[in-house]
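Please read the numbered points beside the sequence and the model.

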Amino acid sequence: MKALFAYMDANAHKNYVVIFDDLKRLDRDIQFHWKLKMEFQHRDARVECPNFNFDETPEGEFIETILVAQGDLERKQNRRQVIQKQKARLERGYWPFFPPPGYKSQRHPVHGKILAPDMPRATIIKEALEGFASGRLPEQMDVLSFLISQDYYKARASAKTYVDDVKRLLTRPIYAGYVEYKPWEVSIRR
């Protein structure tokens, strides 16, 4: 939306019709929906939708508000359902989020999605963690030097990013075979 508005502002001499394939694609948050509509109106842009006729009458705005509120409710219910399922997976010892470095998601016939080693990064991380635990790589900077020497970092990043990354590798329970998620009060478990 920001890019669209920036384009419209840079080309203000043109007339615009913005088409959303469904009213729910415009927005599923009631307050933001009306703010977004105001931004289009401010730019004299018309908003259209194949399955909804925008009617600027009080009755039309009422129906639009009801439909947007329905989308808002669905969004919030979906979020709650996803969190419930992810929390249940965590409580059973599974990692339900995006895989951490060195892992990938893999479908298991009995357990569903599980973490599996993502080679060769998994081998490099394992060696770095074991080197730190044994004292062979006694400092975080030694771990960082090892990771760099193994071409672990393909893209260039700032030195701070590298140090923060090493800190995360050394402190995340997942690398010791444990899961936890404090925001949802899921205590540490295998």
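**Notes on selected local features**

1. Lys167 lies in helix α7, which covers residues 159-171. The model discussed throughout is a predicted one. The relative accessibility of Lys167 is 41%; since buried means under 20% and exposed over 50%, Lys167 therefore counts as partly exposed.

2. Lys167 and Pro183 are 16 residues apart along the chain, and their C-alpha atoms are separated by 20 Å.

3. The next point concerns a pair of strands. Strand β5, residues 179-181, pairs with strand β6, residues 186-189, in the antiparallel sense, over 2 bridges. Val179 has Arg189 of β6 as its bridge partner.

4. The hairpin of β5 and β6 has 4 residues between the strands. In this hairpin, Glu185 adopts a positive phi near 60°.

5. Two further helices deserve attention: how do the axes of α5 and α6 cross? Helix α5 spans residues 121-134 and helix α6 residues 140-149; their axes come within 10 Å and cross at roughly 155°. Because angles over 145 degrees count as roughly antiparallel, α5 and α6 are roughly antiparallel to each other. Their crossing is right-handed.

6. The contact between these helices involves Ile124, Glu127, Ala128 and Phe132 on the α5 side. On the α6 side, Gln140, Val143, Phe146 and Leu147 take part. By class, the residues of the contact of α5 with α6 comprise 6 nonpolar, 1 polar and 1 charged.

Notes: Residues numbered from 1 in each chain as written. Predicted model: local features only at pLDDT ≥ 70, side-chain atom pairs only at ≥ 80, totals over all residues. Heavy atoms only, no water. Pairing = 2+ DSSP bridges. Buried < 20%, exposed > 50% of the residue type's maximum accessible area, 1.4 Å probe, protein only. Axes fitted to C-alpha atoms, helices over the stretch in contact; angles between N-to-C directions. Parallel < 35°, antiparallel > 145°, perpendicular 65-115°, else oblique. Left-handed = near helix turned anticlockwise from the far one by under 90°. Contact = heavy atoms within 4.5 Å. Nonpolar A, V, L, I, M, F, W, Y, C, P; charged D, E, K, R; others polar.
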